[in-house]
Each structure stands twice: as C-alpha cells, then as structure tokens.
Amino acid sequence: MQNRREFLRNTMLAGAGCLAAGALRADAARVAEGGAPMLGFACKPMETVRVGVVGVGSRGMGMINRVSKLPGVVVAAVCDIQDDKINKAKQSLARQKRPEPKVYKGPEAFRALCDSGDVDVIYNSTPWHLHVPVALAAMNGGKHVLTEVTSAFTVEECWQMVETAEKRKVHCMQLENCIYGEIEMLTFNLARLGMLGEIVHAEGAYNHDGRHMANDLFPAYQYWRYDWYREHAGNPYPTHGLVPLCLTMDVNRGDRMDYIVSIDSKNAAFADFMAHGLKKGNPRAGQKLKVGDMNTSLIRTVGGKTIMLQHTVSVPRPYSRLQRVQGTRGMIADYPYRIALEGDGKYYYGSGAHAWWDAKRAEEIRQKYKHPLWKTIGEIAKKSGGHGGMDYIQDARWSYCLRMGLPLDTSVYDLATTGCLCELTERSATNRSQAMDVPDFTRGAWKTAKKMDVVDIDLAHFKI
Ligand SMILES: NC(=O)c1ccc[n+]([C@@H]2O[C@H](COP(=O)([O-])OP(=O)(O)OC[C@H]3O[C@@H](n4cnc5c(N)ncnc54)[C@H](O)[C@@H]3O)[C@@H](O)[C@H]2O)c1
C-alpha cells in the first residue's frame, strides 16, 4: 500500500524514466483506496452565513454586490492590500444599508482573518498564486472555503486541499460559476432525462481573447495572470469549460478521468501582442511567454467517454466555452445554442439529427426543459447579473445549502480533479503530448458516489 507522498515520488521517478522511453504513466490506480469522507459532506445549518472576502478586486466586489441582496448572508469582513479596494467595498455595503465589515489589510492579513471568530466562510477572490495559501489558512482556521478558479494548479496542491478539507471537516468548493449557466444546466437536465441518450463525448473550452485586460488594467497594476503565462505552458484555466461537462458525465460520481493528453500551439498572436500591443510604458513589453495561443487537450474517462478541452486567451475570436455534448440520441451545443435529437427525442436510428434543429424547435426545447433552478430564480438572476445570471445562481445555491445544512453542489474532489489538469496539461504539452494519468483524489469512492441531483431552491426558505 502506498501513501500519497510515496505515490508522488514514484510517479515522478516513473515519469522521469518513462519520459525517455516515450510513455509517461503516472499510475493513479496505485493509490490505496481510502474513501472520500467529504463526498456528500454537509455542515450544521447556519442561520446567518458570515462571509469574509479576501481580495476585493473585480470579482470580490461583484460578489459583495450580489450577496448583499441574498437572504441570510452577511459580508462580515473584507481583506485586501489596497486601501481603495477596501474603501469601495465598505462604501458599497453602506449604500446597501448593510453592516460595516471588519477590515483586514496587508499581504498576510488574511491569516488573522482566517483565525478570527468573525466569519464562517472565506470567499477567496485573490490572484491565482494566493488561492492555495488562503484556502489552506482558512481551512486550518476552521472556516469553510469558497475559492475562485483556478483553485489549485499542481497535483501536490490538490492533495493538500483534499487532505486539509478532510482533516478539518470543512467545505472547500471551487467557485465554478459556469455549472450554473443556463445552457449548461439545460444540458444537464436533458442528460438526466435521457434525451441525449448515453453520453459518449463532450467538448468544452475557455476561449476568450483576454489581451485587452493587460491594457485596461495598466498602469493601475501589472496583471498577475501574465506572471503565470510567462512561467507555464499547458492550460491554466481548465474549469469553466470542463466542470459543467464533468457533472453531466458523472465524473467523480460513477466515472472518473483516467488520462489526459495535451498539445500547445505556438504563441504567435501573444508574441505579437506583447511586442506591439501593450500600452506605452508597460514593462512587460517584449516579454516572452510560455503559454501557447491554443492549448488542446483530450481526456478519456475510465468509463470510456472522451472530452476535448481548449484554452486560449490571446487570439482574436468570439468568446466560447463550446459546451458540446454528444450522446447516443443527439447533440447539444452552445455559442450559439443549438440542438439536434434523433427521432424527435423518441428513439429510432438515423433520423432527425443530421442538421441542427430550426430556431423555433430549439427554443421550445430550451423553454420546456429549462433546469428547475433557472425556472425558480432565473429571472431575478438575469436582473442581478454576473455573467448573465449564473454568478447569482451560484451564490444563491451555496448560501442556501449552507443555511439549510445541505451538501454543496461540488466538493473538494471536483476541485482537485480539475485543478490538477494545469500541471498535467503542461507536463503533457511539453513532452510531446504524452498521456498523463489523472490521480483519483476520491481514492475509489467515485465508484459508489451519488450522482449529482437536479437541484433547486425552495423559495419558502429563500425570501428574496
Ligand atoms: N469565475 C469567474 O467567472 C471569474 C471571473 C474573473 C476572475 N475570476 C477569478 O477571480 C480571482 C480574482 O480575479 P479578479 O479579476 O477579481 O482579480 P483582481 O486583480 O481584480 O482582484 C484581486 C484582488 O486581490 C487583492 N490582493 C492581492 N494580494 C492580496 C493579499 N495578499 N491579500 C488580500 N488581497 C490581496 C488585490 O489587491 C485585488 O483587489 C482570480 O482567481 C480569477 O481567476 C473568476
């Protein structure tokens, strides 16, 4: 029987040996089956959820504005390194007649907040390099953690998140808002109803030309994502396109990711932008980056399903998370939304899905099979905003679950399974796309784990 460190050491040794032989295989199956105590974990119902927000930048402020309108949630503390961000957060809460938050200021101030009795939950919306330190400090301080994506980047960090959550018996959920997107939830609902048949393949992405951000934010500060792009190849932001597909495909709930192969294109567009596109005076001008213009990965699950996953932040193109799900009875896709089902949803071979259905029929499906959560709070979510409403639904769900004492929609195992792909895609892409085994962070519990339910919110307990 191997413990985790032995597994990592052997994996690295095996990797070093096999790289030369051309067949790297990090053998996740060798990890001892130890169960996954945080699967289905629920804490005691909380009458009021006291949240401490670490990092009140763009994402943290958006969250403060949204949760201030939710029942039973109080932003009890804010933590940042910048006065103007803290002041904006305080002003926003004052405008909404919410209690004044306690302030923690400074690069290490999150530690005092995490150890304090001021909050129950840490909402971690810091830059990437702080995600793991803040989450670990929070869990070690006995706080539940909701942590922005990408929540952990390496296999080792992912094990640390899993082990700490298990040891401290606290939630550690990645804030993957895209699982609450309207089409993602429609897809999930159709899959659960069997209308797509058996799912065999899916495609997801974070294809977002984000170059403008480097200029929008300059000279206020140097954008931290570029530090990562300079140091790393592969896919640093896998979760937006992937996690909704994982829920639809029962990853960690009856199936699990087996292995991944990944390939990077060169970064001609990014190199051009870094040489000529940055605002005058930006010291990053001419800097060389390791991230490719397009990363493409292929995943195979133990159950035989495949997923194609892409990442680009540097080419001129429309935004897309793809969200294409292929079943034995039909296919659904987003960007734009389209659907084609064989035999009108009643099964017979070779008819009905040769072309996308016309807009009217597709819209009928969209309305008729809307996910219950979108039926219940979709309208208010759209008005509240946040990526078309999915941010509101995400915040409504975690706060509702915490107040009702229900399990959260995803667990630390989902965080780890998807976060570790940052390292695995980089290792594969920089080693001629060799296959990388995806560790089984559930240590066998995926086989019997309950499938994700079609969840909802009971408005009797959620008075908006
Ligand atoms: N889920 C989504 O749709 C989505 C969208 C955008 C960003 N994000 C994620 O949200 C996170 C934050 O992104 P952002 O755009 O808000 O970034 P941002 O740079 O606007 O905000 C980060 C904040 O963290 C603060 N900070 C830095 N060091 C700190 C420290 N030591 N202690 C406390 N605060 C510190 C900064 O001062 C800043 O206010 C990132 O992980 C990003 O990937 C997610």
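β5 and strand β6 (residues 172-174) are paired in the parallel sense through three bridges; strands pair if DSSP finds at least two bridges between them. The model is predicted, with local features needing pLDDT of at least 70 and side-chain atom pairs counting only at pLDDT 80 or more. Residues are numbered from 1 along each chain, and side-chain values use heavy atoms.

**Exercise 1.** State which residue of β6 is the bridge partner of Val-145, and trace the chain from β5 to β6.

Step 1. Val-145 has Cys-172 as its bridge partner in β6.
Step 2. From β5 the chain crosses through helix α6 (residues 155-168) to β6, and this β-α-β crossover is right-handed (clockwise from the first strand over the helix to the second, with the strands pointing away from the viewer).

**Exercise 2.** Sort the side chains of strand β5 (residues 144-147) by direction.

Step 1. In a regular strand, side chains alternate between the two faces of the sheet.
Step 2. His-144 and Leu-146 point one way, Val-145 and Thr-147 the other way, and all are buried (under 20% relative accessible area, 1.4 Å probe, protein chains only).

**Exercise 3.** Describe how α6 lies against helix α15 (residues 412-419).

Step 1. The two axes, lines fitted to C-alpha atoms over the stretch in contact, come within 9 Å and cross at roughly 175°.
Step 2. α6 is therefore roughly antiparallel to α15 (angles over 145 degrees).
Step 3. Cys-158, Met-161, Val-162, Ala-165 and Glu-166 in α6 meet Val-412, Tyr-413, Leu-415, Ala-416 and Gly-419 in α15, with contact meaning heavy atoms within 4.5 Å.

Definitions and conventions:
Buried < 20%, exposed > 50% of the residue type's maximum accessible area, 1.4 Å probe, protein only. Helix = DSSP H or I, 4+ residues; strand = E, 2+ residues; numbered from the N terminus. Axes fitted to C-alpha atoms, helices over the stretch in contact; angles between N-to-C directions. Parallel < 35°, antiparallel > 145°, perpendicular 65-115°, else oblique.
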